[in-house]
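User: Got a model open here and I'd like to talk it through. Can you take a look with me?

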Amino acid sequence: MAATAPLPFGRMIPAMVTPFDAAGEVDLAQAIALGRRLVEGGSDTLLVFGTTGEGPTVRFEDKLKVWQAIVSDQAGAVPVMANVGTNCTQDSVDAARRAAETGVDGLLAVVPFYNKPPQEGIYRHFRALAEAVDLPIVMYNIPGRCGVNMTAQTTVRLARDCPNIVGVKEASGDLDQVERICAEAPEGFAVYSGDDSLTYEVMKRGGAGVISTTGNCAPVQMKKIVDCAARGDWDGALAAHEAIAPLMKGLFATANPILVKQALNLQGFDVGGLRLPLVDATPEQTETLAEIMRACGVLD
């Protein structure tokens with residue numbers, strides 16, 4: 001199972017938010033600083049420009065600059081993963097090739113959204129991506145955003161047929177599907193929870209860890225869950241999960257990443273606001289979030 005095999009990207013991968021300055025432009029210096037902060041908190045890999053990083057509203061040329069800057073700043077300290085997935089296979093291939101030129105260590109790619117492709121289309125999409133680059137790829141299955149579920153059968157087929165497809169971020173919420181993937185995928189294929197609150201349950205079924213929103217503002221706490229689970233300390237993992245569970249739920253009271261960005265701002269690490277169509281947290285949302293953060297010990 002994935003949890004016992006070598007993992008090129010480790011177990012706790014924060015999906016980094018993207019800091020914006022007062023003018024709403026990408027704040028490169030603060031993005032570098034956030035990467036350092038997350039690594040100091042125990043993060044194993046940095047995922048840049050996922051959904052939590054507002055990738056859909058950032059120009060691709062700006063993404064290239066940020067990937068290059070974080071790769072350079074980390075200098076191999078931890079792997080850097082670039083999200084390149086779109087609902088156009090050729091665009092995804094082109095993005096993957098250009099991202100590879102920045103020196104990133106791996107790629108994340110989502111199931112094509114809106115198109116609602118059949119399973120064969122999903123398979124061919126990811127196979128084309130895998131054949132276009134030499135970098136390791138983690139697939140991202142999130143039916144709630146994509147409108148279609150990548151089945152366990154398709155995931156396992158890709159894992160077997162494409163050596164550089166090394167994992168999946170599973171956000172289907174279907175633990176039976178997770179269990180089947182863990183049982184049938186090749187040794188070394190990593191199944192990551194795509195839902196922070198299911199990290200414990202996913203790892204109990206053989207999962208490798210989590211690609212996390214909460215890891216932005218509580219990296220130490222998320223790291224504790226996965227580390228305890230990885231060594232078979234299920235009581236410790238459950239206790240760590242329960243300690244942070246209200247925050248893992250509270251951050252999703254509205255569309256992500258509205259509240260996780262506000263959480264970082266409340267902690268005194270300025271990441272600015274959001275780009276439309278997302279909007280800033282309301283005063284009421286901020287007050288509730290602050291109360292949850294204090295109760296979970298991540299805000300003084």
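User: How many positive and negative side chains does the protein chain have?

Analyst: This is a predicted model, and its protein chain carries 25 positive and 36 negative side chains. The centres of the two sets lie 3 Å apart.

User: OK, and what helices and strands are there?

Analyst: The protein chain has 12 helices and eight strands. With a radius of gyration of 18 Å, close to the 19 Å from the globule rule for 300 residues, the chain is as compact as a globular protein of that length. The C-alpha trace spans about 50 × 45 × 35 Å along its principal axes.

User: What share of the residues is buried?

Analyst: Buried residues account for 56% of the 300.

User: Switching to Glu-54: where is it found?

Analyst: Glu-54 sits in the loop between strand E2 (46–48) and helix H2 (60–74).

User: Is Glu-54 buried or exposed?

Analyst: Glu-54 is buried, because its relative accessible area is 3%, under the 20% cut-off.

User: Which residues is Glu-54 in contact with, leaving aside its neighbours within four places in sequence?

Analyst: Thr-18, Phe-20, Pro-257, Lys-261, Gly-273, Leu-274, Arg-275 and Leu-278. With the side chain of Lys-261, the Glu-54 side chain makes a polar contact at 2.8 Å.

User: And how far apart are Glu-54 and Thr-18?

Analyst: In sequence they are 36 residues apart, while their C-alpha atoms are 6.7 Å apart in space.

User: Back to the whole chain: of contacts between residues at least 6 apart in sequence, what share joins residues at least 24 apart?

Analyst: That share is 71% in the protein chain.

How values were computed. Residues numbered from 1 in each chain as written. Predicted model: local features only at pLDDT ≥ 70, side-chain atom pairs only at ≥ 80, totals over all residues. Heavy atoms only, no water. Helix = DSSP H or I, 4+ residues; strand = E, 2+ residues; numbered from the N terminus. Buried < 20%, exposed > 50% of the residue type's maximum accessible area, 1.4 Å probe, protein only. Contact = heavy atoms within 4.5 Å. Polar contact = N/O pair within 3.5 Å; in protein donor to acceptor, adjacent residues only side chain to side chain. Rg over C-alpha atoms; globule rule 2.2 N^0.38 Å. Lys, Arg positive; Asp, Glu negative; His and termini not counted. Charge placed at Lys NZ, Arg CZ, Asp CG, Glu CD.
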